[in-house]
Amino acid sequence: MVKKKPPEELSYEEAFQELEALVARLESGELPLEEALGLFERGQALAARCNQLLEEAELKLKQLTIETDEGEHAA
Amino acid sequence: MAQFSLFDYQPVVWSVSDLNRHIRVLLESEPEIQDLWVAGEVSNLSRPASGHLYFTLKDPRASLRCVMWRSDVARQRHIPAEGQAVEVHGRIGLYEAGGLYQLYADLIRPAGEGALYQAFVRLKARLEAEGLFEAERKRPLPAWPRRIGVVTSPTGAALQDVLNVLRRRFPLAEVILAPTPVQGEEAPAGIVAALETLNRQVRPDLILLVRGGGSIEDLWAFNDERVARAVAASQAPVVTGVGHEVDFTIADFAADVRAPTPSAAAELATPDVATITASLRQLRSRLARALGEQVLDRRMALEGVVASLRVASPRARISDGRQRLDALTRRAAASVKHGLALRREALNRLTQTLQAVGPPAVLARGYALVTRQADGTLVRSVAQVSTGDRIRVRLHDGSFGAQVKPPADDG
């Protein structure tokens, strides 16, 4: 299996998508128990990461400087 | 050609009602005047308690009676003042009771807007013909816009509306504001530059192009051809939210998605964090349940195997053997015990026999033991004694002495 990124390096979207795929895999059954346990642990970590991101989320705001063709700056 | 005398000719005589109705029908069946704009100056404006609006439109040579019903009045953004130059939309009809033809108005706007509107219609038609508004050009919005570019005035209410919605719905996003004036002569170039800079420097997942409500002139930058083309050319999908629900601009048509207001644009562009949280919660419980089922399946399989193992276990045979050993031991003990009893019985029998044949028992039956008094030897034969010998006779209950007499003396 490809070495997975640690959850704390994932964006919410990445973590959520991986979690979704993982749960679907786990639900399909037919996995060696050790692998199922591994998936479960990874899933727990991913879910925790998502939760953490949601709780800590604070809208970030940045402002660009716009150069118009005439060389003026807008705003 | 037929000739009619005055008396032959029977003229049709109309009632006033019939005539007015006839004329009304004539007017109303004339499409050109059933959907028209009329320009003029407002006079004799009155708005009685009924809420309907009555006024006369005038130009230097003529006048036209106008009425607008209360329900239409309520929808107007612009209620004209006496003497104002306006353009009025409506249909021509006849007020039969008064024999009065008039304009039934449904829309009033200040004069001059018409020219702008014409320009709007022409530009829209041209860009539409070019294919700029084609449905196939519209791109789907990303489900998770992590970087959201916002093109608007940094001081406008629209920016605050957008930020408020984003904070509430999707605080995971990063907002990059590309500030620009959104009204006035500088606005179109500013908007174009903001869109281009965003696409080039930030590559956002989508762009919100927004502005709060205003007059048609205020919103005019969004009807600028350059803006429309910049919107269509944007690499990131563009959501417009310009003015109010009723305002449609060329930029709206060129955008991938048109929202009625800035807030609505922010809502359309983002998933709701409440939905996200709910789906995360659902995933977590599915995760736990899936593992639980895996474990349960295995536990059941394990229990099955353990049961079979128990059946096949040597322990069963061991305990069998132990049981058999027990039984044997018991049998051995029993048989030993039995043997002893037999022996004891035999011994008893022998003892009894012994006693039965022993001297006391014999003596008791009437026999006697005879010993020689001289040496105590047991007399077993008559040859052992001679006449005159002293003997001792022993019976079962005692003994006495006697003397041997000759055998002839019997009797």
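Is B:D224 buried or exposed?

Reply: B:D224 is buried, with a relative accessible area of 17%; buried means under 20%, exposed over 50% and partly exposed in between (1.4 Å probe, protein chains only). Before going on: this is a predicted model, where local features need pLDDT of at least 70 and side-chain atom pairs count only at pLDDT 80 or more, while totals for chains, interfaces and linings use all residues. Residues are numbered from 1 along each chain as its sequence is written, chains are lettered from A and ligands numbered from 1 in the order in which they are written, and side-chain values use heavy atoms, leaving out hydrogens and water.

The partner of B:D224 is B:R226, in a salt bridge whose closest N and O atoms are 3.1 Å apart. A salt bridge here is a side-chain nitrogen of Lys or Arg within 4 Å of a carboxyl oxygen of Asp or Glu. B:R226 itself counts as partly exposed, at 47% relative accessibility.

Elsewhere in chain B, salt bridges with shared partners link B:R21, B:R24, B:E28, B:R91 and B:E96 into one network. One piece of it is the bridge between B:E28 and B:R24, at 3.2 Å from N to O. Both sit in helix α1 (residues 16-28) of chain B, four residues apart, or about one turn of the helix. Helices (H or I, at least four residues) and strands (E, at least two) are DSSP runs, numbered from the N terminus. B:E28 is partly exposed at 31%, and B:R24 is partly exposed at 25%.

Another salt bridge joins B:R139 to B:D256, at 3.0 Å from N to O. B:R139 is in the loop between α3 (113-130) and β6 of chain B, and B:D256 is in the loop between α7 (250-254) and β10 (257-259), so the pair ties together parts that are 117 residues apart in sequence. B:D256 is buried at 10% relative accessible area, whereas B:R139 is partly exposed at 26%. Over all chains, the structure holds 21 salt bridges.

Now the strands. Two strands pair if DSSP finds at least two bridges between them. β4 (residues 85-95) of chain B runs antiparallel to β5(B), with 10 bridges, and B:G90 stands opposite B:A105. The two strands form a hairpin with four residues between them, and B:G99 in the turn has a positive phi of about 60°. β5(B) (residues 100-110) is also joined to β3 (residues 63-68) of chain B, in parallel and by two bridges; B:C66 has B:L103 as its bridge partner there.

B:D72 lies in helix α2 (residues 70-74) of chain B and is buried, with a relative accessible area of 12%.

Strand β6 (residues 147-152) of chain B has five of its six residues buried, so it is largely enclosed by the rest of the structure. It runs parallel to β7(B), joined by six bridges, and B:G149 has B:I176 as its bridge partner. That β7(B) residue also looks to the other chain: B:I176 is the bridge partner of A:K62, within a parallel pairing of four bridges between β7(B) and strand β1 (residues 60-63) of chain A.

So much for the strand link; here's the rest of the interface. In all, 43 residues of chain B are in contact with 44 residues of chain A. The area buried between them is about 3600 Å², of which carbon and sulfur atoms give 71%; buried area is the accessible area (1.4 Å probe) lost when two parts are put together, summed over both. There are two salt bridges between the chains. A:E27 and B:R286 form a salt bridge with closest N and O atoms 2.8 Å apart. On chain B's side, the elements giving two or more residues are α4 (157-169), β7 (174-179), α5 (187-202) and α9 (273-312). α9(B) gives the most, with 15 residues. By type, chain B's side divides into 28 nonpolar, seven polar and eight charged residues; Ala, Val, Leu, Ile, Met, Phe, Trp, Tyr, Cys and Pro count as nonpolar, Asp, Glu, Lys and Arg as charged, and the others, Gly among them, as polar.

Definitions and conventions:
Contact means heavy atoms within 4.5 Å.
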